[in-house]
Amino acid sequence: MGSMEAPPMDETTTRNGTAENCNGGGDHQAPPPTEMATRPAAAEGELTPESGGGGGGGVGEKKRKGGALPLEVGTRVNCRWRDGKDHPVKVIERRRMQGGGPNDYEYYVHYTEFNRRLDEWVKLEQLDLDSVETDVDEKVEDKATSLKMTRHQKRKIDESHVEGHEELDAASLREHEEFTKVKNIATIELGRYEIETWYFSPFPPEYNDTMKLYFCEFCLNFMKRKEQLQRHMRKCDLKHPPGDEIYRSGTLSMFEVDGKKNKVYGQNLCYLAKLFLDHKTLYYDVDLFLFYILCECDDRGCHMVGYFSKEKHSEEAYNLACILTLPPYQRKGYGKFLIAFSYELSKKEGKVGTPERPLSDLGLLSYKGYWTRVLLDILKKHKSNISIKELSDMTAIKAEDILNTLQNLDLIQYRKGQHAICADPKLMERHLKAAGRGVLRLMLAN
């Protein structure tokens, strides 16, 4: 979420009436040339380290393979990425190339320094066979490694390995990672954009051999071939998401879609979102959710840029379940806009809210930025003392989120048995600059 890119939390993707928890324009008349939108970490042309990316290039005793082919699953080797530089990877899967010889394989690799969203199929010539290593017994290696690590270092590694999957035990986490280790869909076409996917999404079995899917950007039906999409677009009479338009400002519109009334749309949205969110796999029914679709509007229709979902009735006071800004629209402030909209809905309901956990890495960044800017803007203007309870009432942000945010900013002190806000102007200015751009202006009518 550069403003908030691909956050999220859990949600639903459905197959046969059940939905999988995800928790992170164009038309049929002479569309403009297709543009390529790549993954956020790669969008600027370079890799960016992510916590939870999966460790380094291997620790402990290694055995040289000397370039023996084909490479085994589990092999560690250096791989030339699109920036022209070599990066350490681990071979996750392999497949024989059609019409090739006995050693002609493609390899699905994980860049061990970075988030799984960068995993991809590579050709043999991208791999530096002189750097090949293969894991010795992993249990022995883990034991040797743990003896060399301090307790603090081991806790940090354990935490990074389960980031975004705190609700899963070790066995369930291994099962999840095994089931989702290889992206099944490489790219999608949505309106005028062709977008590289980040993660596995559990599309029905008939799509298992499909590397690219074509989505109708209005009803979100998906097809295997461009010709199918073109035929569909001649018949589809939608020019915006199904549901009620509940907000419009300039070229921006927000539509509220009831998962019970528009079940197929809700299911398709969750299939789409799961391609960009790597999260736990629980099953829910989309009937239980409302989906809020943010669109950029022009004379061709209303084109989805992102969305968030929320449970119709949440006992935990969650005001947001899953959130996503599509890659072509990231770094434009839409993520924080979606977050702000969820809090405006909470204000209208007279409640405080909080996002469902766990947050994705990008979602957490967006929320931290949003909370920081909203709270510091208030503290900067407020001349007298103000309590956390008053801040919560003003913003609809849960008191615990306010307290944690201010503590992380070193703006809270504990005095005489209670927390006190210490609003140092210079420190607040530094934090405001670090928080990035402000939230797009938003005000819901009463």
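**Close-up views of a predicted model**

S309 stands opposite C322 in strand β20. This pair is a handy way into the predicted model shown in the views below.

**View 1. Strand β18 and its antiparallel partners β17 and β20.** Let's start with the strand that both partners share. On one hand, β18 pairs with β17 (residues 289-298), the two running antiparallel and joined by 10 bridges. A hairpin of 2 residues links β17 to β18, and F289 has E311 of β18 as its bridge partner. On the other hand, β18 pairs with β20 (residues 322-325), again in the antiparallel sense, over 4 bridges. A reminder for reading any such view: side chains in a regular strand alternate between the two faces of the sheet.

**View 2. Helix α5 and its buried side.** Which residues of α5 (residues 226-235) are buried? They are L229, H232 and M233. Around the helix axis these residues cover an arc of only 100°, which means that they sit on the same side of α5. Turn to the face directed away from the buried side, and you will find the exposed residues R234 and K235.

**View 3. Y105 in strand β7.** Beyond its neighbours within four places in sequence, Y105 is in contact with P70, R94, R95, R96, M97 and L124. With R96 there is also a polar contact, side chain to side chain, at 3.1 Å. As for R94, its C-alpha atom lies 6.4 Å from that of Y105, although the two residues are 11 apart along the chain.

**View 4. H431 in helix α11.** Our last stop is a histidine in α11, a helix covering residues 425-434. H431 has a relative accessible area of 18%, and it is therefore buried under the 20% cut-off. Where does a polar atom of the H431 side chain find a backbone oxygen? That oxygen belongs to L409, at 2.9 Å. Not counting residues up to four places away in sequence, H431 touches T372, L376, L409 and L411.

Definitions and conventions: Residues are numbered from 1 along each chain as its sequence is written. This is a predicted model: local features need pLDDT of at least 70, side-chain atom pairs count only at pLDDT 80 or more; totals for chains, interfaces and linings use all residues. Side-chain values use heavy atoms; hydrogens and water are left out. Buried means under 20% relative accessible area, exposed over 50%, partly exposed in between (1.4 Å probe, protein chains only). A polar contact is a pair of N or O atoms within 3.5 Å; within protein, one must be able to donate a hydrogen and the other to accept it, and residues adjacent in sequence count only if both atoms are side-chain atoms. Contact means heavy atoms within 4.5 Å. Two strands pair if DSSP finds at least two bridges between them. The arc is that of the directions from the helix axis to the C-beta atoms.
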